Amino acid sequence: MPIFSFYHQIFFTNILRVLDERRMTQEELAERSGVSTSFISDLANGRANPSLRTMEAIAVALETPLPTLLESTDLDREALDELAGGKAIQSLPQGYQRISAILTDYQAFLVEEWDEVNRKKLREQASPKKKAIVR
């Protein structure tokens with residue numbers, strides 16, 4: 001299966017999830033995004049190939065960052081690997097994983113705190129600190 005199918009699958013799966021969470025219809029999404037209802041329907045059924053501009057319009061209409069619609073998913077690792085036709089590409093280093101969960105407000109607060117700490121660690125690992133020369 002081509003790699004682009006993998007990302008399309010994640011994208012339209014996330015659109016359906018967000019629509020459900022927001023109790024929004026495909027018609028409402030079409031109206032808010034300026035994308036035709038038939039295209040939204042094709043997208044939700046995995047038959048459409050949206051442009052970046054269309055994906056951005058949908059993300060804005062859903063009030064959800066586009067990277068979240070492309071990277072985060074409720075699909076488990078096995079399903080992602082199958083969609084990718086092998087081992088799914090991971091954007092995080094070994095020992096880290098991105099998950100999607102439904103949480104209470106307090107649980108979400110804790111997870112956001114952990115997320116902030118981990119993102120800081122990853123940024124620090126990505127850009128090595130300049131060591132001060134001690135004399």
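Before reading any angle, I noted that axes are lines fitted to C-alpha atoms, for helices over the stretch in contact, and that angles run from 0 to 180 degrees between N-to-C directions. I also kept in mind that this is a predicted model.

**Entry: H2 and H3.** I looked up helix H2 (residues 26–33) against helix H3 (residues 37–44): their axes come within 9 Å and cross at roughly 120°. An angle of 65 to 115 degrees would count as roughly perpendicular and one over 145 as roughly antiparallel, so H2 and H3 are oblique to each other. I wrote down the crossing of H2 and H3 as right-handed. On the H2 side, I found Gln26, Glu27, Leu29, Ala30 and Ser33 making the contact, and on the H3 side Thr37, Ile40, Ser41 and Ala44. By type, I sorted the residues of this contact into 4 nonpolar, 4 polar and 1 charged.

**Entry: the core.** Which residues touch the most other members of the largest nonpolar core? I got Phe11, Ile15, Leu29, Leu43, Ile58 and Leu62, out of 19 residues in that core. I then checked who supplies it: H1 (3–22), H2, H3, H4 (52–62) and H5 (66–71) each give at least two residues. Leaving out residues up to four places away in sequence, I saw Ile15 touching Leu29, Leu43, Ile58 and Leu62.

**Entry: Thr64.** I found Thr64 in the loop between H4 and H5. Is Thr64 buried or exposed? Buried means under 20% relative accessible area, so Thr64, at 10%, counts as buried. With residues up to four places away in sequence not counted, I listed Val18, Arg22, Ala59 and Leu69 as what Thr64 touches.

Methods
Residues numbered from 1 in each chain as written. Predicted model: local features only at pLDDT ≥ 70, side-chain atom pairs only at ≥ 80, totals over all residues. Heavy atoms only, no water. Helix = DSSP H or I, 4+ residues; strand = E, 2+ residues; numbered from the N terminus. Parallel < 35°, antiparallel > 145°, perpendicular 65-115°, else oblique. Left-handed = near helix turned anticlockwise from the far one by under 90°. Contact = heavy atoms within 4.5 Å. Nonpolar A, V, L, I, M, F, W, Y, C, P; charged D, E, K, R; others polar. Core = buried A, V, L, I, M, F, W, Y, C linked by side-chain atoms within 4.5 Å. Buried < 20%, exposed > 50% of the residue type's maximum accessible area, 1.4 Å probe, protein only.
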